Amino acid sequence: MPEMMQTKDKSSQVFTTDLDCQHFTRCSGCVLDTNLDQPPVMEEVTEFFLKQGVAEFTLESGNLWEWRCRAKLAVRGTSMDPQIGLFEEGSHFVVDIPSCRAHHPSINATIKLVKEAIQELGIQPYNEDLHLGELRYVQMVVTTFNTTLPAAERYASGKVQVSLVWNARDEDSIQADRLNKMAELLWQRGNPKSANPILHSVWANFQTSRTNIIFGGRWRHILGESELWERMSGIDISFTPASFGQANLQVFDVLLRRLQKAVKIGSSVVELYAGVGLIGLSLATTRKCRTVKCVEVNKEARLSFEQSLSRLPASVNSNISWHCADASVSPIKWLEGANVVIVDPPRKGLDPPVIEALRTASLRGLGKTKSPSSKTTDKVEKRPWMLRAKQGAVHKESASNWEEEEHTWPDTLIYVSCGWQAFKLDYAALVEGDTWYLDDAKAFNLFPGTNRRSLLFLEITIPDPDISKDMALML
Ligand SMILES: C[S@@+](CC[C@H](N)C(=O)[O-])C[C@H]1O[C@@H](n2cnc3c(N)ncnc32)[C@H](O)[C@@H]1O
């Protein structure tokens, strides 16, 4: 990684945290080009947490360049002069970003390959005004999983799973023949045994809608390995091209290790907004959890979860489950029986029913509200919820016959936030009336070059002074 960069006259070397990217003025991807390790929003964030009693609020930064391992870029222009990049702020013009400093180098090398294939085969980039053309978007996901290499060399030699978003209904439509030709050309030039071994696999997604939604519902694996793996914080995790994945693998790995320390050995954990279950599975493995329940609305994440579950070490003895469900529907049911709840919502923050359920769970844990166990009420009136929870679920039973803990409510809430504005509102609602109490907070620079998306990891406990003391010591 270019930790050190040259000054313009090349006479001396200085440490710099400047972006130094030729696309900066037009590209909407980065909003900062200097002091990438000190996003201005941190001033407000630090002051906020200082007021909440977090004396040492810090920002953990990783690589400031070449950190992005996942990119979805629009393809526009003409077959002779394709443009691959992001839309200019507030416009429909695509800014071509072949030398993006944030991208992992294998992503930029893949963009070059894709452009060559477009030009040589005369592939038509999508024209949204006319709703014509063939290639709409390209998604590139880097995998650094390669156990044949020493760990230190894996990142630099990451390979790309490339997905071509094709303007056709499915693979049987007339245009699919050209899609296959393009996939074959890419593979011929970038497969792992070629002179330029940058590709892991080639996929297609089919999208004909006139909206700006990137992906359609149909995916097809065309060439290379069908499964994409990543090793993060001690576990192997699988991603399909349709599932959510972190863009900054290295800093998220640091966040995960920090998060693990906040969970006591033997805890029962529920994770809402769980994606492919990365956080939950890593806790099952490293914290010997009794139970781990992951709740995620995107059904496409299920296959990844099943594959990752099959590679967990045999020594993991937790009851583990993944549920395809909307966390905002009857969220209180997921919370009963857990000591720890983890939420990792999208940028818009928590759904209001989830905030309400977290507040109720805290009050129930403190014995401030009398409530029947939700198990009892389910029997008579909440059967649809029970059925919903079972539909589409994945389970792995523990060899130990752990009893389900009724009347237990979480005393630890870990909030992973990627949206500062939404977080502030959620936080105010969570702590109102002393339902939750902030114990610690830390920021991770998951998106260097941006001001708005630095990520926070927060640990909030119920306002029991003894528990807070234990947590403080543990940290
Ligand atoms: C920021 S991602 C976190 C994913 C996961 N924790 C990870 O690190 O890979 C947010 C996830 O929440 C999911 N999601 C959004 N709304 C949801 C809802 N109402 N119920 C459950 N999951 C939801 C999204 O599909 C996405 O996978």
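In the predicted model, residues 24 or more positions apart supply 70% of those contacts in the chain that have a separation of 6 or more. The chain comprises 475 residues, of which 46% are buried. Its secondary structure consists of 13 helices and 20 strands.

Strand 18, spanning residues 412–417, is largely enclosed by the rest of the structure, because six of its six residues are buried. Burial extends to both faces of strand 18. One side carries Thr412, Ile414 and Val416, and the other carries Leu413, Tyr415 and Ser417. Strand 18 runs parallel to strand 16 (residues 340–343), and four bridges join the two. Within this pairing, Ile342 has Ile414 of strand 18 as its bridge partner; Ile414 is also among the buried residues of strand 18.

Most residues other than glycine have a negative phi. Asn35, which is not a glycine, has a positive phi of about 45°, and Tyr273, also not a glycine, has a positive phi of about 65°. Asn35 is located in the loop between strand 2 (13–15) and helix 1 (41–51). Tyr273 is located in the loop between strand 13 (268–272) and helix 6 (278–286).

How values were computed. Residues are numbered from 1 along each chain as its sequence is written. This is a predicted model: local features need pLDDT of at least 70, side-chain atom pairs count only at pLDDT 80 or more; totals for chains, interfaces and linings use all residues. A residue is buried if 20 or more other C-beta atoms lie within 10 Å of its own, exposed if 12 or fewer, and partly exposed in between; C-beta atoms are placed from the backbone. Two residues are in contact if their C-beta atoms, placed from the backbone, lie within 7 Å. Two strands pair if DSSP finds at least two bridges between them.
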